[in-house]
Amino acid sequence: MAFPHRPDAPELPDFSMLKRLARDQLIYLLEQLPGKKDLFIEADLMSPLDRIANVSILKQHEVDKLYKVENKPALSSNEQLCFLVRPRIKNMRYVASLVNADKLAGRTRKYKVIFSPQKFHACEMVLEEEGVYGDVDFVTALCSQVVYEGLVDDTFRIKCGSVDFGPEVTSSDRSLKVLLNAEDKVFNEIRNEHFSNVFGFLSQKARNLQAQYDRRRGMDIKQMKNFVSQELKGLKQEHRLLSVHIGACESIMKKKTKQDFQELIKTEHALLEGFSIRESTSYIEEHIDRQVSPLESLRLMCLLSITENGLIPKDYRSLKTQYLQSYGPEHLLTFSNLRRAGLLTEQAPGDTLTAVESKVSKLVTDKAAGKITDAFSSLAKRSNFRAISKKLNLIPRVDGEYDLKVPRDMAYVFSGAYVPLSCRLIEQVLERRSWQGLDEVVRLLNCSELAFTDMTKEDKASSESLRLILVVFLGGCTFSEISALRFLGREKGYRFIFLTTAVTNSARLMEAMSEVKA
């Protein structure tokens, strides 16, 4: 039995407005991925979705096919995938599995995740752990650093801007904690220098300090008093810091000589340039067999994988087997972590040139066969790294030797072999004052949301002389990248301020992936 309302009772609000708002918001989110797309929907969101937007509305906004989120491979052939899911960890792992499967297959697609009711931080963390949220430039982090500050970090570990130098540096039975910043005059002058130039600078600095000390000999009492009160304290402090940095350089040299650093750098450069891959692989195998360092061996394997867009199956299996035999089966889970992060992967099987390759290899020697294998592999599998490097000229071509005393570009931070990707992008955007002309690079980097806001004329007039640039690294950066941008600043008249979530290096990266803690 229905009961009548009182005449003065208020009207109920129009709840259909909520439905329209929800539909408009969904359409807005779908249109952020322009063009045809497939939509993956979690099962318990299908009914709510049907209440606000039926299939015909979705079709109007270029949704091609609908799929249910379930634990099996996706059959979608679309170049754009959209996911409508609850903020659950299992859903994030499902999304990550699809993205990583595409990566392993060498396929590039655009992805968008729509959360209902809202996104949780834990979801982002899972996507980061799975290596699909924010692709941060692994090649730069995996290369050996050769600028002084980077080498200090690699060798002694800089923490919160300071470093603990042990007895091998201080030449005493005590350790010394040193704050590394511009107040340390010696460090400030060598922090961005290539290591090959540092010893010469420190020697000259020592001679200059000695000359300043020697000035005392010809002084009268008044001059001596002024010298003691105004200069002596500063000279003693500078002398103490000079001896510390000389000790640090000697310690770095001992460790690098023991590791045969020149041969290591030569191998890294060959990997970056894509030459002598078979010889580089043999070097890595020898590195593993000699049990030089589990983290260093992993680093070189990852650098080989990323620069070649994955290892050919026989090399992947061989290197993995040798590594586990040499360093222990407890590292097995580490390989799983590296694979999920896209750091150490196997190329997809089914190369069309394999048959040709095998026929040719029977007709030539083993060494020549290796080189032919490399050539065929590079033809059959185009690396994203190679394409980006070529597009942005990350690997400079120089006639003769690269002059590290008078560097010509940012590549000096890797001995002239490589310009960090992030630094080249910043340089290009600053030169162009926009992302215009970088469409192909943006596509290769899987970036979709880029913006450039230029200054007004009034701003330009008032701040042209300052040219102050704030650079924000999300996910971390290396000291090599910071040194490269400081070089760019000196050349182009910019002043950079750096803001980063972390300062990283190859050892920290490998430790984060390793299941075996030191």
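This is a predicted model: local features need pLDDT of at least 70, side-chain atom pairs count only at pLDDT 80 or more; totals for chains, interfaces and linings use all residues.
1. Residues are numbered from 1 along each chain as its sequence is written, and side-chain values use heavy atoms, leaving out hydrogens and water.

2. On aromatic pairs, the structure holds 12 (ring centres of Phe, Tyr or Trp, the last by its six-membered ring, within 6.5 Å; planes under 30 degrees apart are stacked, over 60 edge-to-face, the rest tilted). Phe40 and Tyr67 are stacked, because their ring centres lie 4.9 Å apart with planes at 15°. This pair links distant parts of the chain, 27 residues apart: Phe40 sits in strand β1 (residues 37–41) and Tyr67 in strand β2 (residues 63–68) (strands are DSSP E runs of at least two residues, helices H or I runs of at least four, numbered from the N terminus). Phe40 has a relative accessible area of 1%, so this residue is buried. Together with Phe83, Phe40 and Tyr67 form one aromatic cluster.

3. Next, the cysteines. The whole structure has 0 disulfides (cysteine sulfur pairs within 2.5 Å). Cys82 is buried because its relative accessibility is 1%, and Cys143 is buried at 2%.

4. Finally, Asn337 belongs to helix α16 (residues 332–340). With 15% relative accessibility, Asn337 counts as buried.

Terms used: Buried means under 20% relative accessible area, exposed over 50%, partly exposed in between (1.4 Å probe, protein chains only).
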